[in-house]
Amino acid sequence: GAAVNAGSQASVNWPVSGNIVSGYGRHTGPDGVSVWNTGVEFAAAPGSPVTAPMDGTVAFSGQRDGRGYVVLQHEGGVSSHYANIRSALNIGDLVSEGMEFASVEPDTGNSGPGTAESSGRMRFEVRRGELALNPEKLLA
């Protein structure tokens, strides 16, 4: 990717091809309760390749809340988080921009009532430290 100045926003590529079914920001859930979504969720067919949006190092690879979860650490204190995926990577492994590092898991129906459709879902977050950033503003 292009070189990034320390103060600029990194340009990131989308990690999976699929429609965004839940965007970043405030949403009203089916129960009428307002919730803040710290990432985006993609509708992606199970087995779809997940690619690294930029160079990084695996900071976490395993299970979280019963779903496959990977965290990639990037330059400038930025990390990217992926839920509902399968990956054979281990902590410390290096990934390069565009490299396939995981695949979308079949939806287990854990994400709420009526969401166990055959299409999988992949959750994607970008953070700087603990602060969740809007991936749609970062991604080309």
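This is a predicted model: local features need pLDDT of at least 70, side-chain atom pairs count only at pLDDT 80 or more; totals for chains, interfaces and linings use all residues.
Let me begin with a term: a salt bridge is a side-chain nitrogen of Lys or Arg within 4 Å of a carboxyl oxygen of Asp or Glu. Behind that definition stands a general principle, namely that side chains of opposite charge can pair when their charged atoms come close.

First, the overall picture. The protein chain contains one helix and 13 strands. Of the 140 residues in the protein chain, 41% are buried. Among the contacts with a separation of 6 or more, 59% are accounted for by residues 24 or more positions apart. As for the surface, the accessible area of the protein chain is about 7,400 Å², and carbon and sulfur atoms hold 51% of that area.

I turn now to the charged pairs. How many salt bridges does a search of the whole structure find? The search finds five.

Consider R121 and E41. These two residues form a salt bridge, with the closest N and O atoms 3.1 Å apart. Are R121 and E41 buried or exposed? Both R121 and E41 are buried.

E41 has a further partner. E41 also forms a salt bridge with R123, where the closest N and O atoms are 3.5 Å apart. Because E41 lies in strand 4 and R123 in strand 12, this pair ties together parts that are 82 residues apart in sequence. E41 and R123 are both buried.

R123, in turn, leads us to E125. The salt bridge between E125 and R123 has its closest N and O atoms 3.0 Å apart. Why do we call these two residues buried? The cut-off for that word is a relative accessible area under 20%. E125 has a relative accessible area of 8%, so E125 counts as buried. R123 has a relative accessible area of 16%, and therefore R123 counts as buried too.

Through salt bridges that share partners, E41, R121, R123, E125 and R127 are joined into one network.

Note on methods: Residues are numbered from 1 along each chain as its sequence is written. Side-chain values use heavy atoms; hydrogens and water are left out. Buried means under 20% relative accessible area, exposed over 50%, partly exposed in between (1.4 Å probe, protein chains only). Helices (H or I, at least four residues) and strands (E, at least two) are DSSP runs, numbered from the N terminus. Contact means heavy atoms within 4.5 Å. Accessible areas come from the Shrake-Rupley method with a 1.4 Å probe; for residues, only the protein chains shown count as cover.
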